[in-house]
Every structure is written in structure tokens, then in C-alpha cells.
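Please take the sequence and the model together and follow the chain from its charged side chains to its ligand and then to its backbone. The paragraphs below are meant to be read with the structure open.

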Amino acid sequence: MLPFCYPLFACCHCRMNSDILNPINLTPAWARLHQHQRATRFVHMRELFQTDPDRARRFTLQLDGLLLDYSKNRITERTLELLTGLAEEADLAGWMARMQGGERINVSERRAVLHTALRLPEGEAQWVDGEDVALEVHAVLRRLRLFVERVRDGDWLGMDGRAITDVVNLGIGGSDLGPLMVHEGLAAYAHPRLRVHFVSNVDGQHIARTLAGLDPATTLFIVASKSFTTPETLLNAEAAKSWFLQAGSPADIARHFVAVSTNAEAVAAFGIDTKHMFGFWDWVGGRYSVWSAIGLPVMLAIGYERFREFLDGGHAMDRHFFTAPFGSNMPVLMALIGIWYNTFYQAHTHAIMPYDHGLRRLPAHIQQLDMESNGKRTGRFGQPLDFDTGPVIWGEEGANSQHAFFQLLHQGTRLVPCDFIVPMNSHYGLDDMHRVLVANCFAQSEALMRGKSEAEVMAELAHLPGEEMDMLLPQKLFPGNQPSNTLALDKVTPYLLGMLLALYEHKVFVQGVIWGINSFDQWGVEYGKQLARRILPELDADTALAEGHDSSTQALIRHFRSRHE
Ligand code: F6P
């Protein structure tokens with residue numbers, strides 16, 4: 001008998017049998033890939049480039065102003081053919097259709113997954129249970145537009161009649177990382193009067209330091225929380241309210257606090273008029289929510305029209321994803337190549353290096369997107385997964401990262417697939433500097449791929465006495481064969497940033513489908529929250545410690561009690 005059944009998901013149901021009875025790691029497609037890896041693992045990419053002058057052209061895709069060069073990977077056409085076979089085995093096309101069709105593919109929460117509906121142009125429908133949710137999306141966008149235009153035009157007045165100068169977004173996780181990253185990335189488009197700040201951490205210094213320079217009479221707070229139950233955000237919102245009420249009255253809150261949430265009741269209970277709440281829906285996951293009203297701080301900074309361009313960029317990537325054949329589909333290819341290393345080479349990490357100061361928070365956003373989505377050991381129907389799943393995502397802006405961790409990439413012992421992201425043009429002039437930045441980016445991926453051979457090092461050291469050469473030679477060798485993708489944007493525009501983000505979202509989805517994961521729940525973050533709720537009162541010296549703590553946790557609680565002033 002099957003462990004459980006979701007009668008609501010007639011179409012997912014037959015997949016459940018298949019996932020459980022025919023796990024992906026027991027399929028012939030999986031076995032063929034292992035065999036292919038064993039047969040090709042000593043091939044150096046340098047040879048692949050030498051024997052095929054056309055390689056870069058064949059392994060490059062361009063969509064509008066976004067180019068993906070995936071030629072510096074340990075792949076051949078045969079590898080892609082086998083990986084595509086794996087995607088077919090996992091019924092990728094079926095899951096894409098189920099997602100697009102509004103089926104409740106987030107089976108553990110019984111929700112549809114429709115962040116793509118947030119990016120639809122007006123006039124295109126998205127049906128869920130007989131209802132066109134795109135109509136609601138556009139209704140909220142219209143309300144957002146009116147609000148944003150009033151604030152930007154200086155018509156939304158603070159308590160003493162002055163225009164808003166500072167916006168503080170209070171949110172965490174998906175209610176922070178996405179908007180923060182996009183806001184930073186598009187700083188070149190920012191409104192000249194409005195400064196946007198982001199407060200996420202429950203460490204009080206974050207809000208204290210942010211509020212220190214602000215005037216309550218010209219500050220607007222956005223309390224951004226899908227659930228409106230997240231303690232970090234609610235504590236920050238309470239702290240902001242207390243700070244505000246030192247200068248303003250409760251009646252002034254309406255002009256200085258707005259909310260973005262799916263939970264109107266909790267918003268009202270907090271004291272924000274639901275007239276000043278912008279909603280979204282349970283079919284938008286937190287880490288996929290920057291396209292919804294959660295993007296309000298971005299919209300305030302760059303204006304509605306630019307935000308629409310961001311949505312249009314996301315939508316262009318959606319169209320590409322849902323229609324292009326797998327072999328020329330950017331998200332599918334990035335996902336398959338990622339699986340090639342993660343699953344078949346057992347590479348455990350994946351680094352993301354934006355060569356753009358504005359995109360320096362992109363690795364953190366993708367970290368949540370990828371690790372909260374695919375950091376799972378159980379399949380979507382509860383079946384155990386007997387193989388490694390989501391990699392550790394990390395990264396840092398280039399060129400700074402070159403002076404920090406690139407040593408390990410070049411000469412360490414680990415296989416670390418990388419994504420290099422670089423704009424061809426800067427918003428900020430200083431072209432000489434931009435050229436140096438771009439040259440560094442291209443040089444790193446070239447060096448990682450080529451390496452430096454013994455003959456090349458010997459030629460460099462030819463002038464040295466033999467003993468010194470013997471000592472230095474191995475230290476100056478670069479094995480190379482480190483894989484990377486390069487994503488080149490014409491410029492970091494709202495449209496192209498929208499494309500880039502949607503590209504990563506779909507990549508994560510495809511990997512989840514192949515591994516048999518539900519990429520849209522996050523049960524793993526709940527347990528720590530539960531224990532924190534238990535420990536909080538125990539930090540008080542008068543409260544007895546609950547049974548069941550291990551000796552380390554008990555000792556740490558006692559240590560806090562004895563040292564806390
Ligand atoms: O960390 C778990 C999580 O639920 C994330 O998925 C989410 O983005 C974040 O907390 C914030 O949640 P909310 O928007 O409901 O406050």
C-alpha cells in the first residue's frame with residue numbers, strides 16, 4: 001500500500017507511484033551517466049577546446065541581452081544527451097506543465113506554485129481551480145502603483161506634512177534577501193530623494209543602527225512578512241513602532257507603517273490599517289516573492305515602470321523556459337550541468353561570483369533560493385533519497401573574491417563549479433575600471449579552465465638553478481579543469497536582472513524535479529524555531545530548565561544566566 005495519497009492531486013498521484021517504485025537513482029539514465037563520468041573523468045577541458053575550435057559557439061546561448069557561455073564545463077554533446085535523458089526520465093516536461101497549469105505541486109502544503117503568474121503581462125490569464133489569479137495580481141499591482149507614485153512624487157505626507165525621505169523594510173529571508181539584492185542591483189535607477197534601508201536581523205543592533213540617523217516624521221516602514229508570524233520581523237516592527245511613537249501619535253501610524261503580507265488578520269492585530277496592506281497569495285513561496293508586493297521597496301526606489309520591466313524580464317525567461325527544447329533551454333542546461341557535478345562528480349559546493357558591486361548580495365539570495373528549496377533528504381512523496389541533493393551555495397563579488405578564496409579554486413583539492421556573472425557595460429562611467437573588472441572576470445574562468453602545465457611552468461622558471469626549480473615547480477602548477485558558466489548581461493537593467501533571477505529560479509526547480517524533491521516547502525527551518533521558543537524563557541534565571549536538553553545546551557543556558565548583566 002502507498003504511504004499516503006493526495007486525492008486533490010490526481011495528476012501528481014500517478015507520479016507518486018513512479019517516484020516511489022522507480023527512484024531516479026535506479027534508472028538506466030542514471031547508471032549511464034555514472035558510466036559516462038567514469039569514462040570521461042580524466043579528459044581535460046583544455047583538450048576539448050583544442051580539438052574543437054567551434055566549442056564556445058556550440059555551447060553558448062543568448063536570449064535578449066543575456067548570454068550564457070557554458071563551454072567551460074566538463075561536458076560533450078554526449079554528456080548533454082545523457083543528462084537530457086535523465087530529465088526525460090524524471091518527467092521534467094510533465095512537472096513543468098503541472099507547474100504552469102497551476103496544479104498543487106507543492107504537495108506537502110497542498111499549494112500551487114505560481115510565482116510565474118506574478119510576471120504575466122496584463123491580459124494573460126493564469127487559471128487555478130477555475131479562477132484567473134492574474135486578475136488579482138494586476139489589481140494589487142495597480143494599488144501598488146498608486147501608492148508608489150504618491151510616495152515618489154512627495155504626495156504621501158508624513159505626520160508633519162513633509163514628504164517621505166526614508167523607507168525601512170522590515171522582513172527576513174525571502175521578505176528581505178530578494179528585495180535587498182534587487183534594490184542594490186538597480187541602485188543606478190534609484191529615486192534621488194528616497195533612501196531605502198533593510199532591517200532583517202533580530203540582533204537589535206541592526207534596527208538601532210538603521211534608525212539612528214532617521215527622522216520619524218519622514219520615515220515610512222514596510223512590515224514585510226508573508227505569514228506575519230515571523231518573530232524576527234515582528235520584534236523589529238515592534239521596535240520600530242516604539243521608536244516612532246516617541247515622536248508621533250498612534251493616529252500617525254497610518255501614514256508611516258504599511259504591510260505586505262498574506263495574513264490580513266495579523267496585520268490588523270499589529271495595528272496597521274489593512275487599507276495600507278498589500279497582499280499576495282499562498283502560491284508564492286517566500287524565496288520567490290520579490291516579484292509580488294514584497295518587491296515594494298524596490299518599486300519605491302526605481303518606480304513602477306522600471307519594476308514592470310523587471311517583471312517583463314522574468315516573464316521573458318519564463319516563456320523561454322516553458323517553450324525552448326531542453327538542449328537550448330538556459331535554466332534546463334544550467335540545472336543539468338549542476339547535476340552532472342553534484343551527483344556524478346560528487347562536487348558538494350557551487351560558487352557564484354557576480355563581477356558587479358551592485359549584485360554583491362546575489363549569492364546570498366541564490367543561497368536561500370537554492371538551499372531552502374533543494375536542501376532536502378526526502379523526496380516529494382516522503383520517500384528517502386539515497387543520493388546527494390542540493391549543493392552548498394556560496395560566493396562573493398569579484399574582484400574582491402579573487403583576493404580571498406580563489407587560491408583554493410585554483411590550487412586546492414576540491415572540485416568547485418562556478419558561475420561568473422558580469423555586465424558588459426557599467427552604469428557608472430569609469431570605463432577604464434570597468435574594463436579591468438571584466439578582464440579579471442574573463443581571466444579567472446580562463447585560468448580555472450586551462451590551468452598551467454608543467455611545460456609552461458618550466459619555461460617560466462628556466463632561469464633558476466635546478467634545485468630551486470624543483471622546489472617551485474609543483475607549487476606553481478595549476479591543474480585547471482575547474483568548470484564554470486559565464487553569464488554576461490549587456491548591463492544590469494531591471495529587465496535583464498529579472499531574466500537572471502528567473503533563470504536561477506527555474507534552474508533550482510529543474511534540479512528539484514530530477515532529484516524528486518518538492519522545492520517549495522521548508523520544513524527544515526521549523527525545528528530550530530521550535531527549540532528557540534522553548535529556550536527563550538529559560539534564559540531567565542527564575543525559570544526551571546526543561547527536561548531533555550543535552551548537557552552542552554544546559555551549560556550554555558546557565559552560562560548566559562551567569563554572565564548576562
Ligand atoms: O526561514 C523560513 C522562512 O519561512 C522563509 O522561507 C521565509 O522567506 C522567511 O522565513 C520569512 O517568512 P515570512 O515572510 O513569513 O516572515
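Is Arg435 buried or exposed? At 56% relative accessibility, Arg435 counts as exposed, where buried means under 20% relative accessible area, exposed over 50%, and partly exposed in between (1.4 Å probe, protein chains only). This is a predicted model, in which local features need pLDDT of at least 70 and side-chain atom pairs count only at pLDDT 80 or more, while totals for chains, interfaces and linings use all residues. Residues are numbered from 1 along each chain as its sequence is written, and side-chain values use heavy atoms, with hydrogens and water left out.

The side chain of Arg435 meets that of Asp431 in a salt bridge at 2.8 Å, N to O, the term standing for a side-chain nitrogen of Lys or Arg within 4 Å of a carboxyl oxygen of Asp or Glu. Asp431 and Arg435 are separated by about one helical turn, because they are four residues apart in helix 18 (residues 431-450); helices (H or I, at least four residues) and strands (E, at least two) are DSSP runs, numbered from the N terminus. Asp431, with a relative accessible area of 41%, is partly exposed. Elsewhere, salt bridges that share partners join Arg46, Arg450 and Glu456 into one network.

Arg58 is partly exposed at 28% relative accessibility, and Glu77 is partly exposed at 43%. Glu184 has a relative accessible area of 22% and is partly exposed, as is Arg360 at 27%.

Turning to the ligand, which residues come nearest among the 14 around it? They are Ser175, Ser225, Ser227, Thr230 and Glu372, a residue being counted as near if one of its heavy atoms lies within 4 Å of the molecule. A polar side-chain atom of Ser175 lies 2.6 Å from an oxygen atom of the ligand. For Ser225, an N or O atom of the side chain is 2.6 Å from a ligand oxygen, and for Ser227 the corresponding distance is 2.6 Å. Taken alone the ligand exposes 390 Å², of which the protein buries 87%, with accessible areas taken from the Shrake-Rupley method with a 1.4 Å probe.

The backbone also deserves a look. Most residues other than glycine have a negative phi, and most peptide bonds are trans. A cis peptide bond, with omega about 10°, joins Gly398 and Ala399, and Ala399 is placed in the loop between strand 11 (392-395) and helix 17 (406-411). Asp64 has a positive phi near 45° and is found in the loop between strand 1 (60-63) and strand 2 (66-69), where Asp64 is partly exposed at 45% relative accessibility. Arg110 likewise has a positive phi, near 55°; its place is in the loop between helix 6 (92-100) and strand 3 (127-128), and Arg110 counts as partly exposed at 38% relative accessibility.

Conventions
A polar contact is a pair of N or O atoms within 3.5 Å; within protein, one must be able to donate a hydrogen and the other to accept it, and residues adjacent in sequence count only if both atoms are side-chain atoms.
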